[in-house]
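Hi there,

Here is the structure I promised to pass on. My notes follow below it.

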Amino acid sequence: MIGGVTMNYSFALSILRPLARLPWVCSLVLTWVLSGGAAAQHLDNGILVLNYFPDTGQFSVLTSNPTDTVFYPSNSSYFTVRDYTRGIDYGNVGMGDPDTTTGKLSQPMGPGTVVALSDRGIRTTWALPNFTVVQEVEILGSTLADTSVRQQVNVQNTGSGPLAYGIRYLWNWRVAGNSISFSRPRYPDGPFTNISTDYGSPNFQVSELTDSLTNPSYSVYASVQGGSLGLPATRPDRLAVANWGDFGLVPWNAPIMGSSAGDSAIVYFWGYNTPMTLAPGASNQVRQYISTVASALGVTTLTRTMTEYLYAPLSYYFITSRDNEKQILDSAGGWSRTGNSFSVLANDDPGSKGITRYYFDKVALGGSRGSHFYTLVATEKNALQALNPTNAQLPGKPYDEGIDSFAFLPAVEGVGGSCAAGLQPLYRAFRGAVRFPDDANHRFTTDIALYNSLVGLGWDGEGVKACLPR
């Protein structure tokens with residue numbers, strides 16, 4: 001009731017739709033139109049907080065200690081089940097306008113039957129015409145590294161004929177109190193953007209969101225597909241990072257405007273391109289996860305292998321992670337693999353640093369040979385940049401070839417250095433000018449015996465320079 005006048009959902013949404021793309025209007029839309037009115041059930045594992053609204057089955061997510069927002073705190077995130085067979089979109093919220101592109105009707109699921117899964121989860125069941133929908137929302141884990149929130153929706157065909165259907169999730173972000181987020185694909189990685197993006201059928205495992213690129217409060221991770229969890233995320237056939245105002249007021253599809261995602265949301269579709277089907281009595285489920293650490297989503301960390309080669313005519317050692325270079329060297333005369341290799345990260349994992357590759361042209365053997373060098377140590381990078389501020393390709397100067405891969409900084413760098421638990425040290429030795437005039441060369445290894453043998457041969461032992469996944 002507004003000013004003494006009772007307003008239905010569709011009428012209210014039709015008024016607010018033109019304004020919903022404005023961030024300041026979002027809270028008005030949420031509290032006026034989408035709020036179910038019942039008090040939220042509060043679940044907390046000390047890492048994440050789940051506020052569940054039992055009258056609609058909607059939920060929001062916050063961090064626990066300190067308390068901060070992950071989802072928009074009002075119940076603006078919801079899901080839709082599209083019944084293609086009968087032309088109806090059902091949502092666990094007061095539905096907005098029908099999808100005019102297909103002529104589908106829209107209506108709320110209404111109150112469901114709510115039961116506790118545990119002290120950290122809730123299941124809601126809706127008995128709809130010809131099928132049943134069951135949603136489970138639950139906090140998983142007990143530490144920062146493994147805590148996530150799982151949303152799972154199961155559809156069972158209770159009718160006498162086949163059911164053609166689709167499912168849509170809409171999550172409304174508010175990362176660290178900020179509705180405007182920057183997002184990027186992870187594993188494999190893509191660039192950050194704040195532009196609405198339709199990824200179609202995605203090939204990455206996780207979507208990362210943060211409130212700032214220069215001074216981020218923290219990142220939020222939304223699963224997309226795969227991973228090592230016992231119940232892995234279900235790959236959608238369409239994924240969009242968009243403005244909540246575009247999708248929040250329609251039950252199914254909306255155009256991707258391509259403008260700034262000023263009120264950031266993520267939209268998952270299953271059965272978008274081709275409807276999913278269920279025979280009578282059959283069921284199927286989809287699930288996704290939210291966390292503040294990527295490891296809790298069971299992502300498969302992608303690695304590359306650094307492989308060492310020896311060019312015997314010049315006794316020159318070279319190491320590379322690049323498959324195209326390996327292919328060339330494996331067939332080139334004079335080059336052979338030494339058997340020395342190790343794994344580096346292919347992605348910018350949380351806490352990792354980029355390993356920069358440099359090339360020194362005409363630096364040895366009277367200017368007849370160059371040499372490559374790798375480091376992730378900031379002081380070394382700064383020193384090299386100072387030697388060649390314009391990054392010109394000049395003889396004897398370090399030319400920055402960019403980030404090659406990723407690893408972690410040592411707990412203690414250098415001779416006598418060490419790594420954090422679970423990581424293995426990468427040692428570096430240098431064939432320097434004092435003992436080997438005009439024949440500079442670096443070698444990198446995780447093999448302490450090889451490292452010690454090089455030191456015994458007169459190479460300069462430079463100690464631990466990076467830490468790698470085991």
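Is cysteine 419 buried or exposed? Cysteine 419 counts as buried, at 18% relative accessibility, where buried means under 20% relative accessible area, exposed over 50% and partly exposed in between (1.4 Å probe, protein chains only).

Before the rest, a word on the basis. This is a predicted model, in which local features need pLDDT of at least 70 and side-chain atom pairs count only at pLDDT 80 or more, while totals for chains, interfaces and linings use all residues. Residues are numbered from 1 along each chain as its sequence is written, and side-chain values use heavy atoms, with hydrogens and water left out.

The structure holds one disulfide (a pair of cysteine sulfur atoms within 2.5 Å). Cysteine 419 forms it with cysteine 467, and the sulfur atoms are 2.0 Å apart. The link is left-handed, with -90° about the S-S bond. Cysteine 419 sits in the loop between strand 26 (398-407) and strand 27 (423-431) and cysteine 467 in strand 29 (residues 460-469), so the pair ties together parts 48 residues apart in sequence. Helices (H or I, at least four residues) and strands (E, at least two) are DSSP runs, numbered from the N terminus. Cysteine 467 is buried too, with a relative accessible area of 0%.

Now to helix 4 (residues 323-331): its buried residues are Glu325, Lys326 and Leu329. Seen down the helix axis, they fall within an arc of 100°, so they line one face of helix 4; the arc is that of the directions from the axis to the C-beta atoms. On the other side of helix 4, Asp323, Asn324, Gln327, Ile328 and Ser331 are exposed.

Best wishes
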